[in-house]
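Colleague: I have some questions about the labels you put on this model. Please set each value against its cut-off.

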Amino acid sequence: MFVTGLAIFTMASLAIGASPSATWMLSWRAIQGFGAAVLAPSTLALLQTNFAEGHERTRAVSYYAAAAGASATVGLVLGGVLAEWVSWRAGFYVNLPVGIGLIIAAYRYIEETPKHTGLFDLLGALTSTLGIGGLVFGFIRSAQSGWSDPITIMSIAGAAVLIVLFVMIERRAVQPILPLDLFSSRVRSGAYAARVLYLGAMVGFFFFTTLYLQTVKGYGPAKGGLAFIPATILHVPLAIAFPRLVKTYSANRLMVVGIVMGIAGMAWLSFANAGSPYITAVALPMLLIGVSQGLTLSPLTSAGVAGVAHANAGAASGAVNVAHQIGSSVGLSILIAVAGVASAGLQGQAFAVRRIDTAFDTGTVMLILALLVVLTTIVAADKVSQNRPWGATDAA
């Protein structure tokens, strides 16, 4: 499944780069997303099945988080440079040699896992996909057409019905696409909810910071990409160092500190305006957000798959990825909707600045909610189960 997802993603990237029109590009983009939907959970599932739960898996997940952070920033920088100096198509062509190299490496270095027969939960897949898609469409449309628009109302109401129907289907399915037993754990449920909120804020950070740099500050694609480097300077080394840090400080304490740093960085960004200097308005808060991602994503990921048997590794990994994607898509659409309401009636640069600042304010609220979820679920459950003072080491 890992190689299949990788092959679909790689070939779709090649097709996107060769697309003769926007219609073809968006169509192949959907197929690329299908490949990513197969690839992402299988990647985390392989980490679960190849590394024992405990310090070994913590280190593996930390490297996983570090790689994700590094690739996100490298993608922004390299994508911006290629788009401005070569062509936007080159940003997709570069995936071809990377994908081929990874497929060869997968066959050479990763042992195949046992095969299992099963039934595909088609109704669950359809209702969940259409439900989440309806939510995203409804929130984004509200930013353009308002909340009184009939299509907006119908989209969100229909999405709510589909999501309720999805839960009912999963209760009765023989082999559900999302086993509801995963939510029986307070720690895992908290990890999923906090991930939705955290990723919604962080994707909003990348999206609206890009808008700020390009539409307000006038940066080109290459300069705009390079401007994100401060977000990685501390993210990657902290993610790599996380297994060593957790020997001295608990994973939960590091996660809480990380989210608090993210709140500070996001709130700081909300003060940016047209005349703000890059260093103080963008670069310094980016450093805080980089620290936040380095300390938060690894323990959140580990909590999302904690205590899951190997047989359910794929399902748990899928749930983590679902939370990630819901946060990215629905969270961003909510930020866009709120920013649209706040900037109604404005024009020009004032319109852009108000939208962006409001999005950062809303992202700050999302991070505060994520912190509350972590404290009342993951941290609280750990204190009860371990019967020890909060902050004690998890090294044992």
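Colleague: Where is L130 found?
Modeller: L130 is found in helix 6, residues 122–145. Helices are DSSP runs of H or I, at least four residues, and strands are runs of E, at least two, numbered from the N terminus. This is a predicted model, where local features need pLDDT of at least 70, side-chain atom pairs count only at pLDDT 80 or more, and totals for chains, interfaces and linings use all residues. Residues are numbered from 1 along each chain as its sequence is written, and side-chain values use heavy atoms, with hydrogens and water left out.

Colleague: Why is L130 called exposed?
Modeller: Its relative accessible area is 53%. Exposed means over 50%, buried under 20%, partly exposed in between (1.4 Å probe, protein chains only). So L130 counts as exposed.

Colleague: Why does V257 count as partly exposed?
Modeller: V257 lies in helix 12, residues 251–269. Its relative accessibility is 40%. That value falls between the cut-offs of 20% and 50%, so V257 is partly exposed.

Colleague: How many helices and strands does the protein have?
Modeller: The protein has 15 helices and zero strands.

Colleague: Why is the protein called as compact as a globular protein of that length?
Modeller: The radius of gyration is 21 Å, close to the 21 Å from the globule rule for 396 residues, so the label holds. The radius is taken over C-alpha atoms, and the rule is 2.2 Å times the number of residues to the power 0.38.

Colleague: What percentage of the residues count as buried?
Modeller: Of the 396 residues, 46% count as buried.
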